Amino acid sequence: MGSHLRMESMVFLVLVFLGICSIAYGAVSHTTMRKIDILNKKGPYLGIVVPNFFELNPLLQSTSFVADQKLPYLDFSGRRFRIGRLEDESVIIVMTGLSMLNAGISTQLLLSLFKVKGVVHYGIAGNADPQLQIGDVTIPQFWAHTGLWNWQRFGDGPGNELSLESFGDYTRKVGHIKFSDFNNKTRNGKSVPNLLNNVWYQPEEVFPVHGTPEVRQHAFWVPVNPKFFAVAKELEDLKLGGCVNTTCLPRAPIVVRVKRGISASVFVDNRAYREFLNFKFNATSIDMESAAVALVCHQQKKPFIVIRALSDLAGGGSSVSNEANTFASLAAQNAVDVVLRFISLLSS
């Protein structure tokens, strides 16, 4: 009897010790795990990923959004995951913050913690296509990260192998930008050499969730979900706002599906680079987060779509190109209006 009691006491102490350790050192507390478990039993959810408050607030202030009464949000790892309903669809909304890194972390947390059936990412973006204007909402079919480079040494050119290219780490297949093409000075009508030489754009290394761990694959252009993209075609007749108070755009904004969008942790306000990106990659939307969301969803095999309203012509050059401060709020609202309509179509 005494040994039995001693054994029970030892087991109890071990359990208490393990409990203390898990509370002190565990990445996710028991309380948080219980909340996540409760939420996931109500899932699956549509994940809504938004860069910042400027773009998030119009959605939260919309009459279409109804926060969950019992658990309106869950805070984890510096992010707030808002739970509720949009257009009769259960959603979890997370704000990422600026840049590819923040967008990638937030999207991975969303997909790792919660039962998510798909992701809608939206916001405002720079425009690389002068045929479009501020306020237009673009829905690209493909996304790429154009901030992963191999910077080639001076003196080498397209015919020279890149450093570590033979190991499969880098490639010349995607293409490059030659800095001397943008020199202000020329010699005999030709550009003079530039010490910055060439930058070669690189695909990302990806490790698909159902692939072999630590066996890399590569991805440059990441396609959005075909079903989501097909549904988006029904948005092209949606009427959008075109005025801020008494200041109006030259024409009513439109929703348009485009071929490509690109992202990098670089704010592009340079006409020459904008024109290069449009010519080289046929890019329309330029931002700092979407490709990160696309790459994480691609690796996790989750359907996604990106909806970006144009807030400026990157680098200027149009009659309203310098009116971003005036029309940015309009662009954000237009993006939200399109997202709400898209979710309504998706759930119908």
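W149 counts as partly exposed because its relative accessibility is 34%; the class covers values between buried, under 20% relative accessible area, and exposed, over 50%, with a 1.4 Å probe and protein chains only. The residue belongs to strand β8, residues 149-152. Strands (E, at least two residues) and helices (H or I, at least four) are DSSP runs, numbered from the N terminus.

Together with W151 and L196, W149 makes up a nonpolar surface patch of about 310 Å² accessible area. Such a patch takes residues with over 30% relative accessible area and no salt bridge, and joins nonpolar side chains (Val, Leu, Ile, Met, Phe, Trp, Tyr) within 5 Å, or like charges within 9 Å. The areas come from the Shrake-Rupley method with a 1.4 Å probe, and for residues only the protein chains shown count as cover.

## Basis of the model

The model is predicted: local features need pLDDT of at least 70, side-chain atom pairs count only at pLDDT 80 or more, and totals for chains, interfaces and linings use all residues. Residues are numbered from 1 along each chain as its sequence is written, and side-chain values use heavy atoms, with hydrogens and water left out.

## The second largest pocket

W149 is also one of the residues nearest the centre of the second largest pocket, along with Y201, V266, V268 and Y273; the lining has 22 residues. A pocket is an open set of points on a 1 Å grid over the protein atoms alone, where a 1.4 Å probe fits, with protein on both sides within 12 Å along at least five of seven lines; lining residues have an atom within 4 Å of a point. The space in this pocket is about 350 Å³, a volume filled by probe spheres set on the points, which are joined across faces, edges and corners.

At least two lining residues come from each of β18 (255-263), α6 (271-281) and β19 (283-287). Helix α6 gives the largest share, three residues. By type, the lining holds 14 nonpolar, six polar and two charged residues.

## Helix α7

Helix α7, residues 290-300, is largely enclosed by the rest of the structure, because nine of its eleven residues are buried. Those buried residues are S290, A291, A292, V293, A294, L295, V296, C297 and Q299. Just after α7, K301 has a positive phi of about 55°.

## Salt bridges

The whole structure contains twelve salt bridges, each a side-chain nitrogen of Lys or Arg within 4 Å of a carboxyl oxygen of Asp or Glu. In one of them, E89 and K117 come together at 2.5 Å, N to O. E89 is in strand β5 (residues 89-95) and K117 in strand β6 (residues 116-127), so this pair ties together parts that are 28 residues apart in sequence. E89 counts as buried at 9% relative accessibility, whereas K117 is partly exposed, with a relative accessible area of 40%.

R172 and E165 form a salt bridge at 2.9 Å, N to O. R172 is partly exposed at 27% relative accessibility, while E165 is buried at 16%. A further salt bridge joins R257 and E236, whose closest N and O atoms are 3.7 Å apart. This pair links distant parts of the chain, 21 residues apart: R257 lies in strand β18, and E236 in the loop between α5 (226-232) and β16 (243-244). Salt bridges also link D169, E205 and R216 in a network.

Note on methods:
Nonpolar A, V, L, I, M, F, W, Y, C, P; charged D, E, K, R; others polar.
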